[in-house]
Amino acid sequence: MNRRTVTILGATGSVGQSTLDLIERSADRFEVLGLTAHQDVDGLAAAARRVNARKAVIADEALLVPLREALAGTGIEAAAGEQAVVEAAGSGADWTMAAIVGTAGLRPVMTALRGGRTVALANKEALVSAGEIMTDAAKESGACLLPVDSEHNAVFQCFDADQPKTVRRVTLTASGGPFRTRTLNEMRAVTPEQAVAHPNWSMGAKISVDSATLMNKGLELIEAFHLFPLEADAFEVVVHPQSVIHSLVEYVDGSVLAQLGAPDMRIPIAHALAWPDRMETPCQRLDLVSIARLDFEAPDLERFPALGLAKAALGEGGARPAILNAANEVAVASFLDKRVGFLDIAAIGGKTLESFDPPAPSALDEVLEIDREARRIAQDIARNFQI
Ligand code: NDP
Ligand code: MG
């Protein structure tokens, strides 16, 4: 049997490591062409050695020599720089995992999509910013875009793509994050350490903060809109603190299909890795009796204004999602650096949207230009919030 070739963009991250774990367990089925990272030379070299990757690429150009040294004697090719990451994305792998965080992943994911093979998408910020430009690129090349984000993977498993008109509503579930029951006043003083301590999922720092503000769910509404052919108002969010139901699809006859499972990213990743087949995972099996109960509540837009901003950006369309996403990336980085407070994150997003209203982008370069300018404005705004 021919082994499937794979490339993992963002191999040293949380999703990247979970993907590698599955690949290592089925090493006879996969051949790793490329692994990429930003600055984590040791993590990248160790991963490349473990799966005997053909090539390891570090985005930070200054780290080529340390990467070469870390791979000495292995025969694994080393490369560095943003362009080298893009080239790895275009290496023609049968299956590419897009797990870079933020719009830094946009050019690589577009390159992978243009290759016309299968792209498993974790990097939601790319799709939020580029939207149709990305889905059009997939259509044009015939690439298969598989959602890895747990909610979207759940919807994908329940959604009758041949009969989208039979779907009435898609409900994305949200854990509510670590501050689900905190008051606004209590949230004012929370620290990055508290914000990244997610109750159910273990994830990278940026998405953990997004989960705490509910911006993650807002980005996911926009992501869902681009992945599934329904009107924007057919997508809704319900808070479900146990993170057992990963999302639901309601049909016109009143039937509701949901996907359930342990909160372990290896389940949706395995679904995308084996699709249209299935593969075994070592993940904990669902034990409904020990879970005993499932709770649901409406999201509180007053305490979590980021979700409201994202809903509005989705409704307005055009450049709004890209601006909000860029501002949020800046605001989250500032919060993690302890330069702004937790509640300032959504405020920076809102103020950036107020100050910048360019026309809708129609090509990748225009999205990247809007992203750059929105970041510059958000940086200025963040300076005024400095704590
Ligand atoms: P991590 O922060 O754990 O990992 C990010 C990865 O991207 C790392 O490999 C990092 O390299 C690399 N990277 C960061 N910046 C750059 C850059 N400028 N250029 C090239 N590579 C870069 O993130 P996660 O794995 O948590 O998330 C990845 C994506 O998946 C995000 O878009 C997130 O929203 C999405 N996602 C994550 C989930 C999760 O459970 N973690 C669930 C659903 C979606 P280095 O290690 O060298 O910094
Ligand atoms: Mg998700």
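Helices and strands are named here as DSSP runs numbered from the N terminus, with at least four residues (H or I) for a helix and at least two (E) for a strand. The model described is predicted. Its chain is assigned domain 1 (4-147), domain 2 (149-263 + 285-304) and domain 3 (317-387).

**Domains 2 and 3**

- Taken over C-alpha atoms, the centres of domain 2 and domain 3 lie 23 Å apart.
- The contact between the two involves 19 residues of domain 2 and 12 residues of domain 3.
- The size of an interface is often given as the accessible area lost when the parts come together.
- For domain 2 and domain 3 the buried area is about 1,300 Å², and carbon and sulfur atoms give 81% of it.

**Nonpolar cores**

- In soluble globular proteins, nonpolar side chains tend to be buried together.
- The largest nonpolar core holds 57 residues, of which Phe159, Val170, Val249 and Phe342 touch the most other members.
- Helix H15 (residues 320-336) supplies the largest share of this core, with nine residues.
- Domain 2 (149-263 + 285-304) and domain 3 (317-387) each give this core at least three residues.
- A second core is separate and has 41 residues, including Ile8, Leu35, Leu67 and Ala270.
- Val249, from the largest core, has these contacts once neighbours within four places in sequence are left aside: Val155, Cys158, Phe159, Val167, Arg169, Val170, Ser255, Val256 and Leu257.

**Magnesium site**

- Asp149 (OD), Glu151 (OE) and Glu220 (OE) coordinate the magnesium ion (ligand 2), at 2.0 to 2.2 Å.
- The spacing of these donor residues in sequence is D-x1-E-x68-E.
- Asp149 and Glu220 link distant parts of the chain, being 71 residues apart.
- Asp149 is in the loop between strand S7 (144-147) and helix H7 (150-158), whereas Glu220 is in helix H11 (residues 215-227).
- Asp149 and Glu220 are both buried.

**Helix H7**

- Seven of the nine residues of H7 are buried, and the helix is mostly covered.
- The buried residues are Ser150, Glu151, His152, Asn153, Ala154, Val155 and Cys158.
- Among the elements that cover them are S7, strand S8 (167-174), H11, strand S10 (245-251), strand S11 (256-260) and H12.
- Glu151, one of the buried residues of H7, is also a donor to the magnesium ion (ligand 2).

**Cysteines**

- The model has zero disulfides, a disulfide being a pair of cysteine sulfur atoms within 2.5 Å.
- For Cys158 the closest cysteine sulfur is that of Cys144, at 17 Å, which is too far for a bond.
- Cys158 is buried, at a relative accessible area of 8%.
- For Cys283 the closest cysteine sulfur is that of Cys158, at 18 Å, which is again too far for a bond.
- Cys283 is likewise buried, with a relative accessible area of 9%.

**Backbone features**

- Most residues other than glycine have a negative phi, and most peptide bonds are trans.
- From Trp275 to Pro276 the peptide bond is cis, and its omega is near 5°.
- Pro276 sits in the loop between helix H12 (266-274) and helix H13 (288-291).
- Asn52 is a residue other than glycine with a positive phi, near 50°.
- This Asn52 belongs to the loop between helix H2 (41-51) and strand S3 (55-58), and with 55% relative accessibility Asn52 counts as exposed.
- Lys338, which is not a glycine, has a positive phi of about 65°.
- The loop between H15 and helix H16 (344-355) contains Lys338, which counts as partly exposed at 48% relative accessibility.

- Ala313 is part of helix H14 (residues 305-316).
- With a relative accessible area of 1%, Ala313 is buried.
- Residues up to four places away in sequence not counted, Ala313 touches Arg320, Pro321 and Leu324.
- Leu353 is 40 residues from Ala313 in sequence, and their C-alpha atoms are 8.9 Å apart in space.

Definitions and conventions: Residues are numbered from 1 along each chain as its sequence is written. Chains are lettered from A and ligands numbered from 1 in the order in which they are written. This is a predicted model: local features need pLDDT of at least 70, side-chain atom pairs count only at pLDDT 80 or more; totals for chains, interfaces and linings use all residues. Side-chain values use heavy atoms; hydrogens and water are left out. Donors are N, O and S atoms within 2.8 Å of the metal (3.2 Å for Na, K and Ca); water is not among the atoms, so sites may look incomplete. Buried means under 20% relative accessible area, exposed over 50%, partly exposed in between (1.4 Å probe, protein chains only). A nonpolar core is a set of buried Ala, Val, Leu, Ile, Met, Phe, Trp, Tyr and Cys residues joined through side-chain atoms within 4.5 Å. Domain bounds come from an automatic or database domain assignment. Contact means heavy atoms within 4.5 Å. Buried area is the accessible area (1.4 Å probe) that two parts lose on being put together, summed over both.
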